Amino acid sequence: MERMQLLKEIGEVSFMVNDLTLYLDTHPTDTEALTMFSDTMNRRKQLLKTYAEQFEPLTMDCVCPEANNQTESYTKYPKQKHFTWSDGPLPWEGGI
Amino acid sequence: MWTYEKRLQYPVKITKPCPKTASLIISQFGGPDGEMAASMRYLSQRYTMPNKEVGGLLTDIGTEELAHLEVICAMIYQLTKNLTVEQAKTAGFDAYYVDHTTAVWPTAAAGVPFNACEFQSKGDAITDLFENLAAEQKARTTYDNLIRIIDNPEVREPLKFLRAREVVHFQRFGEALERVKANLDSKNYYYYNPEFDKQLLKK
């Protein structure tokens, strides 16, 4: 999947996690919200993993020099084992 | 502790520089009702919050405010990127340019630097939560003012997102206040300091 499309989906699903977190802070036993939280969190983890495999890792937990950035995009070290945390554009650079 | 996630909470893609707009929205970075004051307020207050769930809420909202601060800074950065000397002379931005070039620095739109006196951490759950409710409304009003005078949709969309979050945070702080009140002794109808005067907590 294309970088920007995947990033958009990560943004959407992560926002759902943020908003549900605040709701659950004040409604910790709402079972419907808890189910939604689990489903959304699973989807987020899956998308972060997919993104890190194709492009740069977005979180430190996704950093895996052996498996990250298979498309070799935005890297100074193509075809060379390196610390992939520094791959990719900076977030404030206007979505590339 | 905190970990960084390498993306903005809401995408910012501003294609045309406008230092005038940057000099206005900078208030939501370092101004009296900006995101820096918001994050520091909640992240400072949480240590003495007597109700554990409310302490957790302060952590989570304070953390989200840090993400908002980053969105605002990204907007300021993009609005002042690759300026010509003529653009740097824009009224309202010229004085800032002299001191900071195009670096991002926390200040109010009117030039008052960020100051911790913009927020309070009082050590009284009731006082602090009322402070937070007011803070969310003040930030919402500031976003309303900005949205009213800024036309560029590339700037308006992130501002509208941030405005909507103030409304949600106000709601959550309202619920938090009810939780704290429900935990007070019924004789404490003036809601005096529940963390210092512990005899006023529900037995």
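Predicted model: local features only at pLDDT ≥ 70, side-chain atom pairs only at ≥ 80, totals over all residues.
Figure 1. Residues are numbered from 1 along each chain as its sequence is written, and chains are lettered from A and ligands numbered from 1 in the order in which they are written. Phi of A:E72 is near 55 degrees, a positive value in a residue other than glycine, and A:E72 is exposed, with 12 other C-beta atoms within 10 Å. A residue is called buried if 20 or more other C-beta atoms lie within 10 Å of its own, exposed if 12 or fewer, and partly exposed in between, with C-beta atoms placed from the backbone. A:Y74, also in the segment after α2 of chain A, is not a glycine and has a positive phi of about 50 degrees; with 15 other C-beta atoms within 10 Å, A:Y74 is partly exposed.

Figure 2. Chain A has two helices and zero strands. Its radius of gyration, taken over C-alpha atoms, is 16 Å, well over the 12 Å that the globule rule gives for 96 residues, so chain A is more spread out than a compact globule; the rule is 2.2 Å times the number of residues to the power 0.38. Along the principal axes, the C-alpha atoms of chain A fill a box of roughly 50 × 25 × 20 Å, and 20% of the 96 residues count as buried. Where chain A meets chain B, 19 residues of chain A are in contact with 25 residues of chain B, a contact being a pair of residues whose C-beta atoms, placed from the backbone, lie within 7 Å. The residues on this side of chain A divide into nine nonpolar, eight polar and two charged, with Ala, Val, Leu, Ile, Met, Phe, Trp, Tyr, Cys and Pro counted as nonpolar, Asp, Glu, Lys and Arg as charged, and the others, Gly among them, as polar.

**Figure 3. Nonpolar cores of the model.** The largest nonpolar core has 45 residues, and those with the most contacts inside it are B:I25, B:V71, B:I72, B:M75 and B:I76; such a core is a set of buried Ala, Val, Leu, Ile, Met, Phe, Trp, Tyr and Cys residues joined through C-beta atoms within 7 Å. Two or more residues are given to this core by each of α1 (19–25), α3 (35–45), α4 (52–79), α7 (125–149) and α8 (153–182) of chain B, and the largest share, 12 residues, comes from α4(B). Beyond its neighbours within four places in sequence, B:V71 is in contact with B:L8, B:Q9, B:Y10, B:V12, B:P158 and B:L162. A second, separate core of seven residues includes A:L47, A:A52, A:F55 and A:C62.

Figure 4. The secondary structure of chain B comes to eight helices and zero strands, and buried residues make up 39% of its 203 residues. Among the buried residues of α8(B) are B:V155, B:P158, B:L162, B:H169, B:F173 and B:V180. What covers the buried residues of this helix includes α1 (3–26) of chain A, together with α1, α4 and α7 of chain B.

Figure 5. The buried residues, including B:M36, B:R41 and B:Y42, pack against α2 (27–30), α4 and α7 of chain B. B:T142 has its place in helix α7 of chain B and counts as buried, with 22 C-beta neighbours inside 10 Å. Leaving aside neighbours within four places in sequence, B:T142 is in contact with B:S27, B:Q28 and B:D33. B:T142 and B:V155 are 13 residues apart in sequence, and their C-alpha atoms are 14 Å apart in space.

How values were computed. Helix = DSSP H or I, 4+ residues; strand = E, 2+ residues; numbered from the N terminus. Contact = placed C-beta atoms within 7 Å.
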